[in-house]
Amino acid sequence: MLLEFDEQEGLIRDRSLLDPNYVVVEDRIVGRDEQLQKVTKMLRVALGDNRPPNLFLYGPSGTGKSLITKAVCKNISRLCGSRDIEFGTIEVNCQDLDTLGVAVYELAQQAATEAGVDVEVPKHGVATKEKWDELYRIVNENFDSVVFVLDELDMLVGRRDKQDPAFSRLLYQLSRAGADDDITAHISVVAISNDTKMMESVGSRALSSFTPEDVHFDDYDANQLQAILRRRQDAFHDGVVGEEVIPLAAAFAAQTHGDARKAIDLMRVAGELAEREGDERVREQHVREAQDKVEKNRVLEVVRGITTQKKLCLYATAAVAVETNDGTARSTTGYRVYQYLTDSIEADQYQQESYVNKMKELTTYSLVDFERRSHGPSSGMFLEFQFGERPETILETLREDSRLERVSESEVTSVVRAQTRNET
């Protein structure tokens, strides 16, 4: 079977183009001319052996923030090489980094990899200051100019007992390193976040030394997503992608915050499904199957890692959204369903403020978003939650938890309908 598969030509010619993280050439970047020009203009001063400004790139997931940063840095690195300037891009994704010490070691590791040298301090068992010193040493010995790219920086919260979050302390230390001559190379820090309000949580000391140039990335619309996919259509062999495939994949992605990553993922998964089925073309049915698969995989990945309390909050809110005409859920109604769920499985029951805070925390995963609303003087203020994925998919995935599996779906639906009738 392996040999038989190896002999098949398949439908996909270049799988790297269907990887959302693959750094494409600039003529494949669509709908981001303004942002591309801004980032290029501000980072290009490294070509003259000068220090580029710090940047803060913010906007929803999958809108090109990381892609453009990588593409610009790749071009700068190539040009610096021709001018005998040692330029380095040191990039970390902060999503899985839980403390400042771990983040600093990861930066040192990435700097060492970029320079082709070894890190000379251990990951554990030494003070964070030693890790900082090692990072400084690697940068000073190997680079003239460095751009630190801190992707999903808002996820680096660190220990709760600290006055400032870990991402604030990281920004302060990095931005001060050049001013204090700890790093002799020219350095720029590019902070990337899906949270538009992240800078409000940065401490005053870090804010005064970081002082970034802001670059905003908004959602892609369906036409831009189509253009992005057409620029990558040559990932497939000629004539194998059906006419309806790209418009449908773009439409699905446009429904969930205009996420280009999702659009590219849909194309890839649709192509792989068509190959597996031995079909000669990628068709509409493959995109629809891919939509279900990608959506379920993403939700599963998120809910696997969240606490039982967050699962209960998410389940209650999604159950409300399924029963409303516009797919939204009021926080007041969601909380009453949450109370029913906690009673049903005999779990701890939190106050409404805690329920709201846990739902707000889930916005960092792009599962939900919210707006503050009022339906008249008598109703008071409440939050209205909207879902990035179909709430039905979220409920289906959450029911795989053994505790939630015991809850009667019909009873939850009855509770939701009774509560939504009481909304004023």
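Glu346 is exposed, with a relative accessible area of 73%; here buried means under 20% relative accessible area, exposed over 50%, and partly exposed in between, with a 1.4 Å probe and protein chains only. This glutamate sits in the loop between H13 and H14, where helices (H or I, at least four residues) and strands (E, at least two) are DSSP runs numbered from the N terminus. The model is a predicted one, in which local features need pLDDT of at least 70 and side-chain atom pairs count only at pLDDT 80 or more, while totals for chains, interfaces and linings use all residues. Residues are numbered from 1 along each chain as its sequence is written, and side-chain values use heavy atoms, with hydrogens and water left out.

Glu152 also turns up with a positive phi, about 50°, although it is not a glycine. Its place is the loop between strand S3 (145-151) and helix H6 (166-179). Glu152 is buried, with a relative accessible area of 18%.

Now for the rings. The structure holds 6 aromatic pairs; rings of Phe, Tyr and Trp (its six-membered ring) pair if their centres lie within 6.5 Å, with planes under 30 degrees apart counted as stacked, over 60 as edge-to-face and the rest as tilted. One of them joins Tyr335 and Tyr355 in a tilted arrangement, 5.8 Å centre to centre and with 55° between the planes. Tyr335 belongs to helix H13 (residues 331-345) and Tyr355 to helix H14 (residues 352-361), so this pair ties together parts that are 20 residues apart in sequence. Tyr338 and Tyr355 make another tilted pair, at 5.9 Å centre to centre and 35° between the planes. That pair, too, links distant parts of the chain, with Tyr338 in helix H13 and Tyr355 in helix H14, 17 residues apart. Put together, Tyr335, Tyr338 and Tyr355 form one aromatic cluster. Tyr335 is buried, as is Tyr355, and Tyr338 is buried with a relative accessible area of 0%. For Tyr355 the relative accessible area is 0%.

Two buried residues come next. Glu134, in helix H5 (residues 128-142), counts as buried at 5% relative accessibility. Its side chain makes a polar contact with the side chain of Arg137 at 2.7 Å; such a contact is a pair of N or O atoms within 3.5 Å, and within protein one must be able to donate a hydrogen and the other to accept it, with residues adjacent in sequence counting only if both atoms are side-chain atoms. Thr63 lies in the loop between strand S1 (55-58) and helix H3 (65-82), and is buried with a relative accessible area of 0%.
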